[in-house]
Structures are given as structure tokens and as C-alpha cells.
Amino acid sequence: MRVGETEGKQSQSRHTRPHLQGPAKVILVRGVDRERAVEVLEECSSTMSVAGAQPFIKLMQPSSHSVSPGIQRRHTLPASEVRPLNTQDAISVYEIEREAFTSVTGECPLYLDEVRHFLTLCPELSMGWFEEGRLVAFIIGSLWDQDRLSTDALTIHKPRGSTVHIHVLAVHRTFRQQGKGPILMWRYLQYLRCQPNVRRAVLMCEDFLIPFYCKSGFKVLGRCAITVGNLTFTEMWYPISGHAYMRRNSEAIRFPQHPLTLPVTNNDDQVDV
């Protein structure tokens with residue numbers, strides 16, 4: 001066979017044989033062995049254009065800056081947060097309070113308008129515990145300027161008072177029996193130590209709650225002058241003095257057996273702390 005004839009037949013075969021490109025090659029590899037398939041795919045990827053390869057190959061663009069794993073984006077809401085309440089929290093506060101108290105005593109310490117009233121006048125004397133943005137426990141207080149509570153203390157805030165009247169401590173029913181009430185009370189009392197004009201905290205409670213508050217460091221003052229229907233209460237108090245403790249431990253809520261004394265430089269007297 002002549003060289004010209006050979007070249008002509010090869011040229012004719014090129015025109016008659018379908019030219020396989022891109023996905024067509026991939027389709028024809030079905031039924032062949034694995035190694036041959038890999039070779040065909042490699043050849044295919046080398047001949048395909050970038051536009052034709054997009055359905056099969058995801059091009060990795062080099063990043064202009066690397067992000068450290070330690071500074072990756074966090075969740076929008078913190079897992080646990082303790083902060084002062086505001087008027088936007090009033091409805092959640094009242095729903096927890098109503099469920100906690102109405103089923104036991106039939107009365108709420110604060111109704112919705114009273115919750116909004118105190119969260120408007122003295123939000124800094126409230127504290128809420130949030131889990132992923134959901135209110136699970138709270139305390140609401142206000143200032144009082146007398147030694148003992150009276151009926152006016154239920155609705156009046158005395159900005160110049162040195163006594164914090166704790167109106168209510170409540171925990172959502174789903175989160176009870178987990179120790180959140182005592183922990184929140186401890187944190188609240190330590191927070192009050194940072195308030196310059198606060199000297200003590202007082203509350204009134206039913207008799208079955210006295211052991212609970214005694215564990216937080218409260219002492220009994222006596223029978224409270226306030227009554228709600230047939231309900232009577234015991235008044236309790238907690239001294240606010242010194243600096244806030246850095247952490248919660250068993251010694252943090254005990255009273256010292258003897259008062260500490262500091263020498264006074266101007267004279268020979270001593271001052272009880």
C-alpha cells in the first residue's frame with residue numbers, strides 16, 4: 001500500500017469516527033475495567049475546557065487569607081447568659097411567675113403592669129438567666145428606705161434607699177430541680193455588693209421557704225406586717241458588705257463568727273466591718 005493511500009485512509013477514518021470529547025468519553029467508560037476508566041477520566045479532564053469541566057470538577061480558589069479555627073464565627077446566641085432584665089422581658093417574666101406561684105398560693109408577687117413598672121424604674125436591680133436566648137430564671141428587686149417592709153414596699157421604689165427589697169425569685173418549670181435558683185440568688189447577692197449605696201437585702205416568704213433562703217445566707221427578722229388574703233409571711237434579711245467574691249463556694253455565703261476590725265490611723269478607736 002502506498003504511503004499516500006495509507007494517509008488518505010487514516011484521514012478518512014478520522015472523519016468517519018466520532019470525535020469523543022468531555023462527557024461523551026465518560027459515558028463510554030461504562031463496562032470497562034476500573035484502571036481503564038481512571039485513565040479515560042484523567043485524559044478527559046486534561047482535554048476538557050474549564051467551562052466544560054465545571055459539572056465534574058470543582059475548582060478550588062486559593063483563599064486570600066486563612067481563618068484561624070479559634071476565631072471562626074460563633075453561635076448568634078450564647079449558650080448561657082446572666083444579665084439585667086428590661087421591659088421587653090416583662091411578658092416572659094410574668095409567664096414564669098404566674099405558673100410558679102398561682103399553682104401554689106393562688107397569688108402572683110408581681111402582676112404584669114408591676115413587672116413593667118419596676119423594670120422601667122430600676123432595671124439594674126433585676127437579674128435574668130438566659131439559656132440560648134430563653135429566660136429560665138429571674139430575680140426582680142427595688143430599693144426601700146425603712147428597716148421593715150410595709151405594704152408600700154410592694155409597689156414603690158425608693159431611689160435613695162439602702163435596702164434592696166427582693167420581690168420575686170422564680171425558675172421556669174422545665175429547669176427546676178437543677179440548682180438554678182440558689183445559683184442565681186448567690187450571683188445576685190454578689191452583684192449587690194458592687195452597688196455603692198446598698199447595705200442589705202430583704203424579702204418576705206412563706207414559712208416552708210425559710211430553709212431555702214437560709215442556705216443562701218438570709219436570717220429571719222420576724223413576722224412580716226404584709227398579708228395577702230389569708231397568706232402570712234416571714235421577713236428575712238441578708239447583709240451586703242465587703243467586696244464580691246470571685247467565685248461561688250461554700251464559704252462565700254457564711255457569716256463570720258466575729259466582726260473584722262481595722263485600725264484607724266487618726267485615733268485609737270476601731271471600726272467594725
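Buried means under 20% relative accessible area, exposed means over 50%, and partly exposed lies in between, with a 1.4 Å probe and protein chains only. This is a predicted model, in which local features need pLDDT of at least 70, side-chain atom pairs count only at pLDDT 80 or more, and totals for chains, interfaces and linings use all residues. Residues are numbered from 1 along each chain as its sequence is written, and side-chain values use heavy atoms, with hydrogens and water left out.

**View 1. Pro 239 in strand β7.** Pro 239 counts as partly exposed, at 21% relative accessibility. Strands (E, at least two residues) and helices (H or I, at least four) are DSSP runs, numbered from the N terminus. Pro 239 and Val 202 stand 37 residues apart in sequence. Their C-alpha atoms are 8.9 Å apart in space.

**View 2. The largest pocket, with about 1100 Å³ of space.** A pocket is an open set of points on a 1 Å grid over the protein atoms alone, where a 1.4 Å probe fits and protein lies on both sides within 12 Å along at least five of seven lines; a set that the probe cannot get out of is a cavity instead. Grid points are joined across faces, edges and corners, and the volume is the space filled by probe spheres set on the points. Lining residues have an atom within 4 Å of a point. The lining of the largest pocket holds 39 residues. Phe 101, Leu 169, Ala 170, Leu 209 and Tyr 213 lie nearest the centre. By class, the lining has 26 nonpolar, 8 polar and 5 charged residues. Here Ala, Val, Leu, Ile, Met, Phe, Trp, Tyr, Cys and Pro count as nonpolar, Asp, Glu, Lys and Arg as charged, and the others, Gly among them, as polar.

**View 3. Helices and strands around the largest pocket.** At least two lining residues come from each of α5 (90-102), β4 (163-171), α7 (180-192), β5 (200-205), α8 (210-215) and β7 (231-239). Strand β4 gives the largest share, 7 residues.

**View 4. An aromatic cluster of Phe 212, Tyr 213, Phe 218 and Tyr 238.** Rings of Phe, Tyr and Trp (its six-membered ring) pair if their centres lie within 6.5 Å; planes under 30 degrees apart are stacked, over 60 edge-to-face, and the rest tilted. The whole structure has 4 aromatic pairs. Tyr 213 and Phe 218 make an edge-to-face pair, 5.9 Å centre to centre, with 75° between the planes. Phe 218 and Tyr 238 have ring centres 5.5 Å apart and planes at 50°, so this pair is tilted. Phe 218 has a relative accessible area of 3%.

**View 5. Tyr 213 in helix α8.** Tyr 213 counts as buried, at 9% relative accessibility. Tyr 213 and Leu 203 are 10 residues apart in sequence. C-alpha to C-alpha, they are 9.5 Å apart in space.

View 6. A disulfide is a pair of cysteine sulfur atoms within 2.5 Å. For Cys 214, the nearest cysteine sulfur is that of Cys 205, 8.2 Å away. Cys 214 is partly exposed, with a relative accessible area of 38%. The sulfur of Cys 224 also has Cys 205 as its closest partner, at 9.5 Å, too far for a bond. Cys 224 is buried, at 9%.

**View 7. Cys 122 in the loop between α6 (112-121) and β2.** Cys 122 is buried, at 1% relative accessibility. Cys 122 and Lys 158 are 36 residues apart along the chain. Their C-alpha atoms are separated by 9.8 Å.

**View 8. Positive phi at Glu 132 and Gln 177.** Glu 132 is not a glycine, yet its phi is about 50°. Glu 132 lies in the loop between β2 (126-131) and β3 (134-144). At 58% relative accessibility, Glu 132 is exposed. Gln 177, also not a glycine, has a phi of about 60°. Its place is the loop between β4 and α7. Gln 177 is exposed, at 83%.

**View 9. Lys 180 over the face of Trp 129.** A charge sits over a ring if NZ of Lys or CZ of Arg is within 6 Å of the ring centre and within 35 degrees of the ring normal. Lys 180 lies at 5.1 Å from the ring centre of Trp 129.
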